[in-house]
Amino acid sequence: MCFLRITKGWYRTMAEDKIAYKNILAPVDGSKISTVLVEKAAAVAVRNNTTLDLLYVIDTNSLSGLAGMSISGDVVYQLVQDAEEKLAKYQELAHNEGAKDVNIHVRFGSPKTVIARDFPADHGNELIMLGKSGLNTLERLLVGSVATFVVQNAKSDVLIAVSYTHLTLPTICS
């Protein structure tokens, strides 16, 4: 057991005090990694007995880039409906994984700033769990990775989840 000695006595390390996160943010986008992210975020929420916020950000930058056209209310409504349907499925998955308090949210804006700054400031998220970027090298150079931006700019802890297929599991011999 590792202890830190401070002038008036022995104190335990932070890991031994079992730091618990009070609110966890898991932004999803409908990609394959989002399912893995929700499963892992739900497991962390269960271990910490805390709230899990599932967030879908509708990128206003990509909306305004559609040939300079304005977007009708019907299109915006459909985008929100689609986001809410995806979130409802992820919420059900999180509940099936044992998470009790799972909230869903839809926001408009730049995914980078909404995830790194705006949403955590509004909801007091102490941990942001992200899926590893699905972009290839060229796309990351041109538009930048949301995960990279969040890691560099978030004021809370950030955890990057990777797909289970990337894990090398040991072989158990009988």
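I am working with a predicted model, where local features need pLDDT of at least 70, side-chain atom pairs count only at pLDDT 80 or more, and totals for chains, interfaces and linings use all residues. Residues are numbered from 1 along each chain as its sequence is written, and side-chain values use heavy atoms, with hydrogens and water left out.

I noted 34% of the 174 residues as buried, meaning under 20% relative accessible area with a 1.4 Å probe, protein chains only.

Next I turned to α1, residues 32–48, whose 17 residues reach 25 Å from first C-alpha to last, close to the 24 Å expected at 1.5 Å a residue; that expectation is 1.5 Å times one less than the number of residues. Its buried residues include Ile33, Val38, Glu39 and Asn48. Among the elements covering them I listed β3, β4 and α3. Just after α1, Asn49 has a positive phi of about 50°.

Which residues touch the most other members of the largest nonpolar core? I wrote down Ile24, Val28, Val38, Leu52, Leu54, Ala94 and Met129, out of 24 residues. Such a core is a set of buried Ala, Val, Leu, Ile, Met, Phe, Trp, Tyr and Cys residues joined through side-chain atoms within 4.5 Å. β3, α1, β4, α3 and β6 each give it two or more residues.

Definitions and conventions: Helices (H or I, at least four residues) and strands (E, at least two) are DSSP runs, numbered from the N terminus. Buried means under 20% relative accessible area, exposed over 50%, partly exposed in between (1.4 Å probe, protein chains only). Contact means heavy atoms within 4.5 Å.
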